[in-house]
Amino acid sequence: MQDSLAPAYDSFMLDAKKFDTTIGGNPVALYFLRNSHGMKMAVTNYGAKVVSLLVPDKNGLPEDVVLGFDHIGGYFNAAEKYYGGVVGRFANRIGKSKFTMDGKTYHLYSNNGNNTLHGGKSGFNSVVWEVSQPDSSSLVFHYRSIDGEEGFPGNLDVTMVYTLTENNIFRIHYKAITDKPTQVNLSHHSFFNLHGAGNGSIEDHIVTINADKYTPIDDEFIPTGIIAPVKNTPMDFTNPTKISDALDSTFDQVRFGKGYDHNWVLNNQQGNLSLAATVYEPKSGRTMEVWTTEPGLQFYTGNFQTGADTGKLHKAYRFREAFCMETQHFPNTPNQPNFPSTRLEPGQTYTHTCEYRFSAK
């Protein structure tokens, strides 16, 4: 951390000392980013988790819009393990906790029923990342996932850059290389509430998703392999739609997900940075656009939040009081050859850019 940033710390209502610890001999700390337009971030290198993100409303008043804790112990003991973190080596689910590649079957840890979720027992959200802070607006993270970690082949070398721009954009850029063929799918798992973290339901948020299709799931949240049209279903967010409009629909996909917890097939399939989704909260006027180079977007409506976790400002995180927008390749891709491939070869470089763009109106 840089001493020149110290005067900005008070506005976070966070004590950086409460994040100072050591895990497996690796130091953990809290880092701060800011721009000149009232946006500020606090990030810990434990799981590269975004702890706090202050975003002004239409009157210029900032509010913390991501769920998290005001001390490192909160993350260790939370019922929800993914608040604010990077997820990998494979984001989302792999069915039956295994996949076959080049004739060999790789067995993974089952941490979600019969399936593997977000990398397994100890995914990238729960490791300590090496970190450097070149300036007040960026952090550079590095992690080397060893061959066989959580069952995945290859030594995977990952670099991520978090940037808070002068245009109120939180940008994440990922790069990874491997020394053996492997499967890679990285994503970001902040839980957002544009009212403010812990400030009530997100069901009044208005969502648009730039996708004409989605990947239906079975009752274990694993894609069936079908790519289905959203038209004339509750999965259609091609026009601005209030989250609550069909959240308790009897449509089988909404029932399976206990709300929304699905992957949308984005209309941009070319790998260009393009608009994936927009979320608007009318009371504050806050708008969040999600831009990505990835082919998929997981939209999740906090269906498994129970109030068991009490976060910053002693606020409980309850049912459907947060949403996630996770840019990604499709779930269970290693077992679905018709999905865009997540295979990474030696000599290739995995890249992925995600931007959360904030404004107010």
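Let me begin with two terms. Two strands are said to pair if DSSP finds at least two bridges between them. Strands themselves are DSSP runs of E with at least two residues, while helices are runs of H or I with at least four residues, and both are numbered from the N terminus.

A word on the basis of this talk. The model is a predicted one, in which local features need pLDDT of at least 70 and side-chain atom pairs count only at pLDDT 80 or more, whereas totals for chains, interfaces and linings use all residues. Residues are numbered from 1 along each chain as its sequence is written, and side-chain values use heavy atoms, with hydrogens and water left out.

I turn to the strands. Which strands does β15 pair with? Strand β15, residues 169-178, pairs with strand β14, residues 156-164, in the antiparallel sense over nine bridges. Within this pairing, Asp157 stands opposite Ile177 of β15. Four residues lie between the two strands of the hairpin, and Asn168 takes a positive phi near 60 degrees there. Strand β15 is also joined to strand β28, residues 350-360, by eight bridges, and these two strands run antiparallel. Here Phe170 is found opposite Tyr356 in β28. As a general point, side chains in a regular strand alternate between the two faces of the sheet.

Next, the cysteines. A disulfide is a covalent bond between the sulfur atoms of two cysteines. The criterion applied here is a pair of cysteine sulfur atoms within 2.5 Å. How many disulfides does the structure hold? The number is zero. Why does Cys324 form no such bond? Its closest cysteine sulfur, in Cys354, is 12 Å away, and this is too far for a bond. Cys354 is likewise in no disulfide. Are these cysteines buried or exposed? Buried means under 20% relative accessible area, exposed means over 50%, and partly exposed lies in between, with a 1.4 Å probe and protein chains only. Cys324 has a relative accessible area of 0% and is therefore buried. Cys354 is buried as well, with a value of 0%.

Finally, the charged pairs. A salt bridge is a side-chain nitrogen of Lys or Arg within 4 Å of a carboxyl oxygen of Asp or Glu. The structure holds nine salt bridges, and I shall describe some of them.

One of them connects Arg93 and Asp261, whose closest N and O atoms are 3.9 Å apart. Arg93 belongs to strand β8, residues 93-94, and Asp261 to strand β22, residues 261-265, so the pair ties together parts that are 168 residues apart in sequence. Arg93 is buried at 7% relative accessible area, and Asp261 counts as buried at 8%.

Another salt bridge brings together the side chains of Lys96 and Glu220, at 3.8 Å from N to O. Lys96 is exposed, with a relative accessible area of 53%, whereas Glu220 is partly exposed at 27%.

A further salt bridge is formed by Asp102 and Arg343, with the closest N and O atoms 2.8 Å apart. This pair links distant parts of the chain, 241 residues apart: Asp102 is in the loop between β9 and β10, and Arg343 is in strand β27. Asp102 counts as exposed at 61% relative accessibility, and Arg343 as partly exposed at 29%. Together with Glu345, Asp102 and Arg343 are linked in a network of salt bridges.
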